[in-house]
Amino acid sequence: GLFTALLVVLGGCSPQFKPTDLDGTWIGQDHTINSRGKSLTTKQITLNVDSDGLITGETTWTLVEGPGGNHNDKPVTSDAEEVMGAFDASTGEFYLVETRENGMWHGRMLSKDRLRAFLVQTGEKPVVATVELERQFD
């Protein structure tokens with residue numbers, strides 16, 4: 001009766017993803033603030049996700065406008081970083097850590113073709129970024 005109907009309605013609201021749904025290449029405009037100021041960049045994230053939700057991949061960015069970033073204490077207008085992480089398919093949330101720096105990503109799939117993510121990096125060269133990305137199709 002009513003309880004079953006309620007479960008169906010509530011169940012329809014929660015995202016249903018498979019681990020491999022996050023697999024692929026994602027691109028978007030990234031708003032960043034760091035020790036150099038605020039920048040707009042193009043961010044590309046390539047993720048390989050296994051059946052357990054474990055992730056390996058790479059993030060790259062290219063400066064669109066603003067002061068850019070730092071690499072080995074020198075200003076740069078593009079950079080790449082290897083990442084590893086985990087994906088919770090039941091919520092659509094994912095977590096990534098950068099392997100060279102102490103940046104941590106927390107993101108969520110908005111749909112099978114869109115995701116939103118935040119980068120937080122503490123320490124000597126702090127960085128915070130927000131980005132919405134869309135799946136790239138070949």
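The legends below describe close-up views of a predicted model.

Residues are numbered from 1 along each chain as its sequence is written, and side-chain values rest on heavy atoms, with hydrogens and water left out. In this predicted model, local features need pLDDT of at least 70 and side-chain atom pairs count only at pLDDT 80 or more, while totals for chains, interfaces and linings use all residues.

**View 1. The protein chain holds 1 helix and 10 strands.** Helices (H or I, at least four residues) and strands (E, at least two) are DSSP runs numbered from the N terminus. Along the sequence, the elements follow the pattern α-β-β-β-β-β-β-β-β-β-β. Of the 138 residues, 35% count as buried, where buried means under 20% relative accessible area, exposed over 50% and partly exposed in between (1.4 Å probe, protein chains only).

**View 2. The largest nonpolar core contains 21 residues.** Such a core is a set of buried Ala, Val, Leu, Ile, Met, Phe, Trp, Tyr and Cys residues joined through side-chain atoms within 4.5 Å. The members that touch the most other members are Leu 22, Leu 47, Ile 55, Phe 87, Phe 94, Leu 96 and Trp 105. Leaving aside residues up to four places away in sequence, Leu 22 touches residues including Val 49, Met 109 and Leu 115; contact means heavy atoms within 4.5 Å.

**View 3. Ser 35 lies in the loop between β1 (24-34) and β2 (37-49).** Ser 35 is partly exposed, with a relative accessible area of 48%. Apart from residues up to four places away in sequence, Ser 35 touches Asn 70, Lys 125 and Pro 126. Pro 126 is 91 residues from Ser 35 in sequence, yet their C-alpha atoms are 6.5 Å apart in space. The side chains of Ser 35 and Asn 70 make a polar contact (3.4 Å), that is, a pair of N or O atoms within 3.5 Å; within protein, one must be able to donate a hydrogen and the other to accept it, and residues adjacent in sequence count only if both atoms are side-chain atoms.
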